[in-house]
Amino acid sequence: MAQASPILSNFTAGELSPRLDGRTDVAKYGNGCKTLQNFVVQPHGGASRRSGTKFVNEVKNSAHNARLIPFEFNVTQSYILEFGDQYFRIHKDGGTVTSSGSAVEVTTPYLQTELAELKFTQSADVMYIVHPNHAPRKITRTSHTAWTITEVAFRRGPMQDANTTTTTLTASARTGNVTITASADTFASTDVGRLVKLHNGYAKISSFTNATTVVAAVQENELGNTELEPSYTATTISFSEGDPSSTGLEHNDRMVDTAGKFVEQGFEVGMSVVISGASNSGNNKSSALIVQVTQDTILLSPSVDLVDEAAGQSVTIAGVISADDEWSLGAFSATTGYPAAVTFYQSRLVFAATTAQPQTVFFSVSGDFENFTGGVDAAAALIYTLGSNQVNVIRYLQSGRVLLVGTSGGEFVVTASEDAPISPTNTVIRRQATYGSADVQPVQVGNVTLFVQRARRKLRELVFDLNTDSYVAPDMTILAEHVTESGIKEISLQQEPNNVVWCVLNNGKLVGMTYRREEDVVAWHQHLMGGSFTESGTTYAYGYVESVASIAGDLDEDTVYLIVKRTIGGATKRYVEFFTVSDFGDDVADAFFVDCGLTYSGSSATSISGLTHLEGQTVSILANGATHPDRAVSSGAIALASSATKAHVGLAYTSTLQTMRLDAGGTEGTSQGKTKRVQDVTLRLFESVGAKVGSSTAEMDRIPFRSSADSMGSAISLFTGDKFVEFRGGFETDGFVVVQQDQPLPLTLLSIIPRLQTFDR
């Protein structure tokens, strides 16, 4: 028989997979837990009971799904947008934004079944949002109560590849609303709203007649003129005969403009023009081909014969509108599908993944987000299609040191071929990994991107590796694959105070990963929200989380908002809630450790109302910093056993930490599998009140914090230090230590120091 007193000094490995129960050789075994529920691992090593959640409001319609999206203008002007069936509402500072007593609400085109596929990116007070079934929109905020959502009015693209068939398009006019006629079936009824590039301009289809005929409104072209072909009228144009000596040799006649506006007006080589208004009828032409253009001179083809004529008459030169096989259609439309991913990168707005072009990335003009004018200039828009031996549908775009493109078949990086911003002539896309990405928007943590793998069970870390000069994507769930086994639905980063990545699972659970790579902290923890939910005969013994989003909050802590679904009074209720701050101060009366709760603060009261959202529920209460017997909410109120000036009321939840099997004290090698007995345990605590400890959740002893000097029913000061507890456990081979908090009070566990006997055999 040997005695040992090991110290479990930290919990930075988080909850470990049951498949690691025998891997005592793994370094993280001693820092891991068999169960870590409703605790958050701190980067320092301790585990703190997670904060409770405060009730904000019920979603607009609890019968429909909803999703939360963060909108952050700056750290002091941050909002949570509640997207539901064809609407969004705004929440800020723990409340719903209202105007004239009603919730501010904006109509959207997104159905409840489409919310999970929304992707978004933001620049200042404008958020761009995409969905493959809808034209891209932008959300604009001008004040707390003034919000709009409008369809993005793209200029000059992006366009699909130019036509390569013999089909021609003919416009009925060069400006205004024109009829465009195709020589073969080209259009579809779903092309309404689609751009057409024709001649030297653009038009947006406004109505569909048949497969060969549409009506379109002419748009602004590259020169800022709303026309398909240029038209220029001036009194500064003169005409010159190219063969004044009548030699009969081939020659070019020309027009000269002393105002020098030919290039500015959009005349180009190869363009046919109509000339009218000349005093000499020989200079008025129904079709003349341009072979050279400078600012002040247009040179015509040898077949065009002009007569010398001085400037002075009002002469008009206009591009010919005729059948043209050099045309292209817009890349975004109901016919081709709309982008499914969006981000900002190097002062460009970047879209990707339409139905027709699932592997294509569309970059805007640099610094002009809604302009997609192509070209070879460094600032011009560009379109790039991933090259691979299979169709890799783009799932997300993530901007960082480089542009990361996550696809269903692998991960790609967009860079410039030299150390410069990307441009149409230097862009390179290289595959970095072949894991494949799920259709879940990733999060950026420093210079690392965390993304969900295709099967949704793994969270991977895409990071640049200097040793291989490429990106690698290690599995962040390798030691805790059981935590995300049901599949990850949504992720969000809470950067402050502890860098926690929150994940909503398909089974309605919320899990977190404390992530501090520089300190080698990757710790998973599970969270069961207070309450329960019943659907189709299945009961979930926890509040069913459907969405999570984080925004910058007060006190240097980001605020995490949730949508939680519960059965309340026999009906399904979806509530918007948020985690309260973890650093509540040094007054236990401010500790908030109930879910879906509210706080009463005011004059001394024995009845608390305003709890209609918890009608019929049994609630946990912290009154003036002391625990209070549970009460059932009736008519939206509860009666207290004694008066209180501050009370936190909400649904109870239990925090549980169970260590891995202790491996200490064996004189003949390991103590695993040998009979052992834990005699006592010392818990090192930080600012805590109340806890239980035992060998299992069935055998627990409550740790005393109240002394004979403390009056019953009064608050107990927060305790920091060691608590020594004689252990009730018997002789067994496991050697677990379980610490639990089931009261609405704080608990931070810094270390566990058991003293045990091990019997070798």
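Over the ring of which residue does the charged end of Arg49 sit? The ring belongs to Tyr653, and the charged end of Arg49 lies 4.3 Å from its centre. A charge sits over a ring here if NZ of Lys or CZ of Arg is within 6 Å of the ring centre and within 35 degrees of the ring normal. Lys723 does this with Phe705, at 4.6 Å from the ring centre.

A word on the model before we go on. It is predicted, so local features need pLDDT of at least 70 and side-chain atom pairs count only at pLDDT 80 or more, while totals for chains, interfaces and linings use all residues. Residues are numbered from 1 along each chain as its sequence is written, and side-chain values use heavy atoms, with hydrogens and water left out.

Now to rings that meet rings. Rings of Phe, Tyr and Trp (its six-membered ring) pair if their centres lie within 6.5 Å; planes under 30 degrees apart are stacked, over 60 edge-to-face and the rest tilted. That rule gives 28 aromatic pairs. Take Phe88 and Trp147: their planes meet at 80° with centres 6.3 Å apart, so this pair is edge-to-face. Phe88 is in strand 9 and Trp147 in strand 17, 59 residues apart; strands are DSSP runs of E, at least two residues long, numbered from the N terminus. Phe88 is buried at 0% relative accessible area, and Trp147 is buried at 7% (buried means under 20%, with a 1.4 Å probe and protein chains only).

Note on methods:
Helices (H or I, at least four residues) and strands (E, at least two) are DSSP runs, numbered from the N terminus. Buried means under 20% relative accessible area, exposed over 50%, partly exposed in between (1.4 Å probe, protein chains only).
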